[in-house]
Number of protein chains: 2
Amino acid sequence: MKKEERITTEQEQLQKFRAVEDDVENTAAEMENVHPADGADQLESLSLTEQVQVVTSLEKEDAAEFIAEMERHDRARLMRDLPPEFAADLLEEMSPDDAADVLDDLDDAHQQSLLKRVEDEEALEIETLLTFDSNTAGGVMNTEVTVIDRNMTADQAIQRIRSAAEETEIPYYAYIVDEMDHLVGVLSLRDLMLSPPGQQLREVLGKQHLVYTYFDEDKEDVARKLTHYNFLAVPVVDREMRLLGVVTHDDVIDIIHEEASEDMLGMVGAGQDETTDTPWVQSVRMRLPWLVVNVANSAISAWVVHLFEGTIGEMAILAALMPIVANQAGNSGQQSLAVIIRQLAMESFDRKRAWSAVAREARIGVLNGIIVGLLVMLGVFLLTHNIQLACVMSFALGLDMCIGNVAGASIPVILQELGRDPAQASSIFLTTLTDSAGFFTFLGLATVFLL
Amino acid sequence: MKKEERITTEQEQLQKFRAVEDDVENTAAEMENVHPADGADQLESLSLTEQVQVVTSLEKEDAAEFIAEMERHDRARLMRDLPPEFAADLLEEMSPDDAADVLDDLDDAHQQSLLKRVEDEEALEIETLLTFDSNTAGGVMNTEVTVIDRNMTADQAIQRIRSAAEETEIPYYAYIVDEMDHLVGVLSLRDLMLSPPGQQLREVLGKQHLVYTYFDEDKEDVARKLTHYNFLAVPVVDREMRLLGVVTHDDVIDIIHEEASEDMLGMVGAGQDETTDTPWVQSVRMRLPWLVVNVANSAISAWVVHLFEGTIGEMAILAALMPIVANQAGNSGQQSLAVIIRQLAMESFDRKRAWSAVAREARIGVLNGIIVGLLVMLGVFLLTHNIQLACVMSFALGLDMCIGNVAGASIPVILQELGRDPAQASSIFLTTLTDSAGFFTFLGLATVFLL
């Protein structure tokens, strides 16, 4: 009986195993003609074991393309689990910048163990790319570029591109160099196609205004440059103007995605580069300074309340109502803060326009303050039947909301005027102001009119 | 004497006027060879009067290019001040989608007055574009595309593109249509260049997986599509698959820029499309609902304090210290909130990964809570010499910071699980929670241990 059972189980397991194998084969077969980005999505939806099985049964060229498109976290996990020889082969199939990106997420020991299995020339190129700071142009650039001698003719150049296109990605631009390999110009395919066939490129170039970036320039500046000119790619050069690579539009989209959400993190004093993959102790280290600043700031508003302890001792309901005043003004001010930070992030700074935006926020604060103030007046009166208390509360609330909006709008503009990051910890400073002002007006008016 | 004075003044004015004229001529001459994006920047740095003078003295083709690149606000102001005939000529020089964008910022009367001065065919195209919702693919698309019949050969297609390129922008892709003008495929220049010259395009296409978007699709979905595939452009079609235009990588960069900062606005309950150019009364209307929600929420924490009015009446210093507890936990929680909202915006949702990120935030909350708690314990003891008060305060603070982090991290994940926008008003709900929990622990412990 027992034996039979075991046999059934073994058979079942075998069947299961075969089903999984079939699944893997099916998945692998299905994935042959999909776009790498979709293939990456499909891989991500599998378990790690399945990922390894599918990837090892794919053509290496396809597998490399899919892995290059996967999300960093999933990709690193998969690379760690693949047989080293196979993983190294995949790196060879990738473009060197993709390979460098993949390796960047692995620890040093693993990096070295894979790199020594990669062909020498390729490994050297990847290692060079790994030395660039990942926040600079060098760290995000692509090294597969079409370089053309300026003494060629337009037709020769097109021929050259046509043959190079079989090997590399689509060349958006042809990069024209002189005899010393210095970058002297950039021509689009369109420029080449429209040039008289026999004309030398040095003549086609004429007096071109060359836009480029140094390898150590901040990647956000590179993104701004490409966006400003609506280019598809910006060439990256060393100090001697030798071409090292290009930063392309898709890299820039990633950079912009990252950058835009940095403001939100900065506003509340989190680390601007923080992600959910940042080691948590490092996050503590980044956030703690601003939390300590926040304690110090809260101490100011606590001191304001302390001034009115006598009043609160006599009328404890004030302690219950005062957080409403502060909280409401803080929220209203944060709305202004967010709108202004967004404006400053999206446009070049224009002093007049910025201050007129502050005036706009003040108007919004007045109207919102009046409406919410009246609402609160009604609520407090219905609950306490104390008309004086209702009036004091609603006046303090309305006033503090105006203060909140003006402060929320001004803080980033002032930070910008001082040459600082307009988002950095702005929410913390705003709350200090709205808390202190709210407690002071509310408790002050209460002391004068209610006791 | 008086007359002489006037003459001098007139001569001075004439000189001044000539100097300005010279300036304008110089500026205009300087601007002939600059990139449109730089020209737009130069224009923006001038006063409105100077802008009008410079623009009217430029070649119309250059002027149109510069204006298309200007910021919306500056551009609308300038267009309103240009002579209508001249402004209409500029619109004719622009690509129809740029012209539609420019007109979109003018009021209806002004739009109509300019459009009736534009050549009929062009005006019709611009008007059609203006009918699309500006938040959809149709609203951002470019209509100048290179359409090619699928019965052409690769070489004929290249010839066609070569001649079209003189008129329009760089064609990133050739869009292949059937006899009924339905989109059947997309080929890059690279595909065409690598095809055997005599091969018909229908054969080159084979079984292509065609990626496209309908004209009424949300522009953010279009942006995600382009980003996902790293395309340079996505074709826009109507329900019958007829090609209407393309959304290009530079449009997508603008969309992403806008979208990413929407989270920051959503978090605090401002309108997600709000800019500093939104009419202020409309901003009031968008923000007010969340401010009212916030009042209702604050009422909850006020009620918590109300429960302990007896305690506060006996020991008013608690009222001074309790905002520190709430404020600190709120700030710490907002840091978690921002990190998680950013993760949800940048990656596709992965339940397991999201909840492990919440666990990470909890760890950060514990450590930050302990450190800040000890600091506050020391501070309160030094100021009040009351060790019990210091202990109660620091324990409540540390605990509330952990609650803040867990809540700040969970709220967007829960909203996401419910299929809602993870950012929407999340900061408001968080503050209610940290306030209530902070007041309750602090005042509750104080009632038990201090009275």
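1. Strands here are DSSP runs of E with at least two residues, helices are runs of H or I with at least four, and both are numbered from the N terminus. Two strands pair if DSSP finds at least two bridges between them.

2. Before going further, please note that this is a predicted model: local features need pLDDT of at least 70, side-chain atom pairs count only at pLDDT 80 or more, and totals for chains, interfaces and linings use all residues. Residues are numbered from 1 along each chain as its sequence is written, chains are lettered from A and ligands numbered from 1 in the order in which they are written, and side-chain values use heavy atoms, with hydrogens and water left out.

3. Back to the hairpin. Strand 2 and strand 3 of chain B run antiparallel, joined over five bridges. Five residues separate the two strands, and B:D181 in the turn has a positive phi of about 65°. Strand 3 of chain B (residues 183-188) is largely enclosed by the rest of the structure, because five of its six residues are buried. Buried means under 20% relative accessible area, exposed means over 50%, and partly exposed lies in between (1.4 Å probe, protein chains only).

4. B:Y173 is itself buried, at 11% relative accessible area. Rings of Phe, Tyr and Trp (its six-membered ring) pair if their centres lie within 6.5 Å; planes under 30 degrees apart count as stacked, over 60 as edge-to-face and the rest as tilted.

5. Another edge-to-face pair joins B:W290 and B:F429, with ring centres 6.4 Å apart and planes at 85°. B:W290 is in helix 16 (residues 280-307) and B:F429 in helix 21 (residues 426-449) of chain B, so this pair links parts 139 residues apart in sequence. B:W290 is partly exposed at 21%, and B:F429 is partly exposed at 35%. Over all chains, the structure holds 14 aromatic pairs.

6. Now for chain A. Strand 4 and strand 5 (residues 233-237) of chain A are parallel over two bridges, and A:Y214 has A:V237 as its bridge partner in strand 5. A:R239 lies over the face of A:Y214, 4.2 Å from the ring centre; here, CZ of Arg or NZ of Lys must be within 6 Å of the ring centre and within 35 degrees of the ring normal.

7. How are the two chains related? A rotation of 180° with 0.1 Å of shift along its axis superposes chain A on chain B, with an RMSD of 0.1 Å. That is the relation of a two-fold axis.

Notes:
Copies are superposed by least squares on the C-alpha atoms of residues with pLDDT of at least 70 in both.
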